[in-house]
Amino acid sequence: MSIEDRVRRVLNEAVATEPPPERSPFEEVTRRRRRRPLVAATVALAILLVAAVAFTGIRVREERPVMPTPTIVPPDWKEFRDQEANLSFRYPPDWVVRTDLASAAYLVIVPAEFRDRRVTKSTELPFVVGINGGVVEGYYRIAAGEQTSTGRLPNGRAYTEWASVVNGRRLDDYSIDMGRVCAPRTSQRDCRARSASATLAADTTALMDRYRQVAMTIVGTLAPLSATKPSAGDRTRPPCRPDQWGLAPSPIWSFQGRSWTIEGQVRYPADGPACHLRVTVRVTVQRPDGTPMAVPGTPAPITVEGDLPEDRAPNGYSNSYADVTTPLTWRWAWQNWCRQPLGQTRVRIEAVGTGKSASELAPLRDDYDNCRGIGRDAPWGISPWP
Amino acid sequence: MTDQDREFVDFFADEYWPLRRLGFLLTGNWHDADELAQEAIARTFAAWRRLRRRDLAAAYARKVLVNRHRSLLRRALVEARHAVVHREERYEPDLSGDDQLLWQALQQLPARQCTALVLRFYLDLPEAEVARLLSVPPGTVKSWVHRGLARLRQRLGPEYRSEPLLDTEASP
């Protein structure tokens, strides 16, 4: 029996003995149908409530004392060094670094106010700074969010930043470029771009406000223990020839259906010679017959630079979400793409001056919640992201 | 009962259970399967007037279910980064030894490969239809199916590894 037939058989057998639902599905569906006007009213009420609370909050915050913010790192701050992760940072003398808590971060830094609390999870502490990084992370990440921004820390390192609320907890994530780290005892050319990440996590906005600037001073001291090379790569290598590499677009993926991200990397044979690539990519949108469509922002050129083979798209890249990145990753956001029905369109990516191009079908407008309520005036177009 | 209510009852009777089974194959969890199927039916009916051809309602409901499953996955990815991992009670279907292994291997595939295999081999949809459902090019579906099957072969042992591979360079 072929593998396809076995998969068919197992899938059918897996649902052959179907347990009954816990509740009457018809009643549940009917309730969902009726719930919609109620949901709309609840949402409207919640918006009014949030506006009122925010207004009150702003007035209260003006009177709230804020912890003094150090503009430079005070000399009495302690230093944390981790040889294995090739990472160091500094933190206030009365804060503690804990590695014993269950947490998504490999270590958490806890303010003095909460340092003596007996807890087992980092989420049980009202405020922490979680750190991951060094050689364990890939190049810096872009994660779920239309609100991702970029910048540079006081030490000059580039970062991406995005805020979110997960299970009621306010999170401010930073992914920080740590430069290229060469793998020990392997080929000399295997020097990959690495990042560290820091998460400021607070139970309330007030706590986030109170600790943000001290936490950011800590984050600003994150650095590799040993010197690293620039993430843009080794410009002394020979330039990559056009026949050595190709475009590797990833399927266009969405963030909550509303904005679509167009992403790609560089394809490179596994055993190709080492070289350096600097290339500008552009994006255009076409109808199925190839006629161009006028989309604001296009062709939105992006220049990427890195080393090959280290920065090539990983195997199976087309199955990946945006967490897999290298300095040769490019991304555009098609903001509010579903503002108007477009029919089938094709996104064409072109590497300027190389004759290389690739295309992807853009998604069709569908029943996405976030498409509703997008007015004709909402900003619509393609731009480099973040 | 209005004509629309009657249509809804008929649509529910015809489509709820197949949707529920599809939801289970995508999630491995009957509770989530019920959630997905109920949401798909409710949303499809909300769009009832816009569906010009009622014979396409089932396909529309499948698309809503698959999209809803994908957005739940994305949310889970974000939440997982910040939450302490907890184990869920999983329902294991009553399968014999090798089939159980194959089922477990299917559940461990990347979500998009698993979805492509379920749509392709459980619903027996052609690749073009799977591509339309997932809003990706047909080449991408071909690639997901190929990679998914390749991983399953690895899990099943040498008997299956010797099978000829499909077009190995398939990519979007």
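Predicted model: local features only at pLDDT ≥ 70, side-chain atom pairs only at ≥ 80, totals over all residues.
Let's start with chain B, which has eight helices and zero strands. Along the sequence its pattern reads α-α-α-α-α-α-α-α. Of its 172 residues, 41% are buried. Among the chain B contacts between residues at least 6 apart in sequence, 60% join residues at least 24 apart.

Now for the cores. The largest nonpolar core has 47 residues, and B:Ile41, B:Leu65 and B:Val118 have the most contacts inside it. Within chain B, domain 1 (1–91) and domain 2 (95–172) each give the core at least three residues. A second, separate core includes A:Val266, A:Val304, A:Val347 and A:Ala351.

| Core | Size | Residues to look at |
|---|---|---|
| Largest nonpolar core | 47 residues | B:Ile41, B:Leu65, B:Val118 |
| Second, separate core | 32 residues | including A:Val266, A:Val304 |

Finally, have a look at helix α3 of chain A, residues 205–219, which bends by about 50° at A:Arg212. Its buried residues are A:Tyr211, A:Ala215, A:Thr217, A:Ile218 and A:Val219. The buried residues of this helix pack against strands of chain A, namely β2 (87–91), β4 (107–110), β5 (127–132), β8 (169–182) and β9 (191–202).

Key: Residues numbered from 1 in each chain as written. Chains lettered and ligands numbered in written order. Core = buried A, V, L, I, M, F, W, Y, C linked by C-beta atoms within 7 Å. Buried ≥ 20, exposed ≤ 12 C-beta atoms within 10 Å, placed from the backbone. Domains from an automatic or database assignment. Bend = angle between axes of the 7 residues up to and from the residue. Helix = DSSP H or I, 4+ residues; strand = E, 2+ residues; numbered from the N terminus. Contact = placed C-beta atoms within 7 Å.
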